[in-house]
Amino acid sequence: MAINLHRFDLTTLRLYVAAVYDGSLTAGADRLGLSLAAGSKRIAELEAHVGAPLLERSKRGVVPTVAGAVLLPHAVEMVARLEQLALAMNDVGSGTTSHLRLWANTSAFGGFLPGLLARFARRRPEVVLDLEDATSEEAVRAVARGTAELAVIGDNTPAEGLQTTVCHIDELVLLLPGTHPLAQTAPAALAEVLEHDLVTLPRSTSLTRQLAAAAAALQRPLRVRAQVRSFDAMGRMVAMGLGLAVLPREGALPYARAFGLQIMPLRGIGTQRRLLWAMRDRAALGAAAQALVELTELQER
């Protein structure tokens, strides 16, 4: 069967990509402002055109079929290019000469990224920074879809189809009140830390997943007392005695100083925390994004 290129509809391809990444046709349709019935009709028409089912449906949502997996990277490429075209023309319409769209996780925003962006802004004052604080998984999806040009993610985050390179390395530490029993012995053993209540970021974040994996290796549960969305909230909760927190040293330092807390090294867990740049194609980055990546490489030399 010959494929008629004119029958590929960009809205339907955007819907297909959104449904696969969200794991739900309902969520994909909502993202595009379509009803579920309209979205289902579009997917059915696309499947009829290519001559094969593209989504496997179940109570848990949707996943691509074999044919759908073949279609996906091509659909992602087309959708991403369309998003980049729309963003570029918006920049022209607003008079912006250079725009950098960056999504990054909490560890980046709470640690090295503000200082890096300040240095970048001094070098490239004409660049408008469009920043989004997101989970690593959300940032990966944004780059894949073309919504973001660049992302900072944890190194334990799948980034299939994207190029990655290390942008920062930090050390995981324990943040706790100076009066806590664990404050008397350093370094703190993770097995002992896990006997106490913890304040963490949401379980979907790369940092909490790393901590959960380390706890599972010790066959210990995470005693999560509170889940919050920022390092600032973590520091405040620790200061009020609601639990201990494991976070990067650079993220912990401001709150240790502000709230009189103690920072302790950890053992029993891989404490090196690597953050990665994620991008679709390094060679295709815009000048601003390329300059930002190069700035972190200069720092490592």
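Colleague: Where is Gly 23 found?

Modeller: In the loop between α1 (10–22) and α2 (25–31). Helices here are DSSP runs of H or I with at least four residues, strands are runs of E with at least two, and both are numbered from the N terminus. This is a predicted model, in which local features need pLDDT of at least 70, side-chain atom pairs count only at pLDDT 80 or more, and totals for chains, interfaces and linings use all residues. Residues are numbered from 1 along each chain as its sequence is written, and side-chain values use heavy atoms, with hydrogens and water left out.

Colleague: Which residues does Gly 23 touch, not counting those up to four places away in sequence?

Modeller: Arg 60, Gly 61 and Val 62. Contact means heavy atoms within 4.5 Å.

Colleague: How many helices and strands are in the chain?

Modeller: The chain has 12 helices and 12 strands. Its C-alpha atoms fill a box of roughly 75 × 50 × 30 Å along the principal axes. Of contacts between residues at least 6 apart in sequence, 74% join residues at least 24 apart.

Colleague: Why is Glu 47 called buried?

Modeller: The word means under 20% relative accessible area, with exposed over 50% and partly exposed in between (1.4 Å probe, protein chains only). Glu 47 has 14% relative accessibility, so it counts as buried. Glu 47 lies in helix α3 (residues 36–50). Its contacts, leaving out residues up to four places away in sequence, are Ala 52, Pro 53, Leu 54, Leu 55 and Arg 57. Across the chain of 301 residues, buried ones make up 45%.

Colleague: What makes Gln 219 exposed?

Modeller: Its relative accessible area is 74%, so Gln 219 is exposed. Gln 219 sits in the loop between α9 (206–217) and β9 (224–227). Its phi is positive, about 60 degrees, although Gln 219 is not a glycine.

Colleague: What makes the pair of Tyr 255 and Phe 259 stacked?

Modeller: Rings of Phe, Tyr and Trp (its six-membered ring) pair if their centres lie within 6.5 Å; planes under 30 degrees apart count as stacked, over 60 as edge-to-face and the rest as tilted. The structure holds one aromatic pair. The centres of Tyr 255 and Phe 259 are 6.3 Å apart and their planes lie at 15 degrees, so the pair is stacked. The two residues are four apart in helix α11 (residues 249–259), so about one helical turn separates them. An α-helix has 3.6 residues a turn, so residues three or four places apart point the same way.

Colleague: Why does Phe 259 count as partly exposed?

Modeller: Phe 259 has 28% relative accessibility, so it counts as partly exposed. Tyr 255, at 16%, is buried.

Colleague: Why are α10 and α11 called oblique to each other?

Modeller: Axes are lines fitted to C-alpha atoms, for helices over the stretch in contact, and angles run from 0 to 180 degrees between N-to-C directions. Angles under 35 degrees count as roughly parallel, over 145 as roughly antiparallel, 65 to 115 as roughly perpendicular and the rest as oblique. Helix α10 (residues 231–239) and α11 pack at about 40 degrees, with axes 9 Å apart. They are therefore oblique. Phe 231, Asp 232, Gly 235, Arg 236 and Ala 239 of α10 meet Gly 251, Tyr 255 and Phe 259 of α11.

Colleague: What makes α1 roughly antiparallel to α7?

Modeller: α1 and helix α7 (residues 136–145) pack at about 160 degrees, their axes 12 Å apart. That angle makes α1 roughly antiparallel to α7. Val 17, Ala 18, Tyr 21 and Asp 22 of α1 make the contact with Arg 141, Ala 144 and Arg 145 of α7.

Colleague: How do you know that α1 and α3 are roughly perpendicular?

Modeller: Their axes come within 10 Å and cross at roughly 105 degrees. α1 and α3 are therefore roughly perpendicular. On the α1 side the contact uses Thr 11, Thr 12, Leu 13, Leu 15 and Tyr 16; on the α3 side, Gly 39, Arg 42, Ile 43 and Leu 46.
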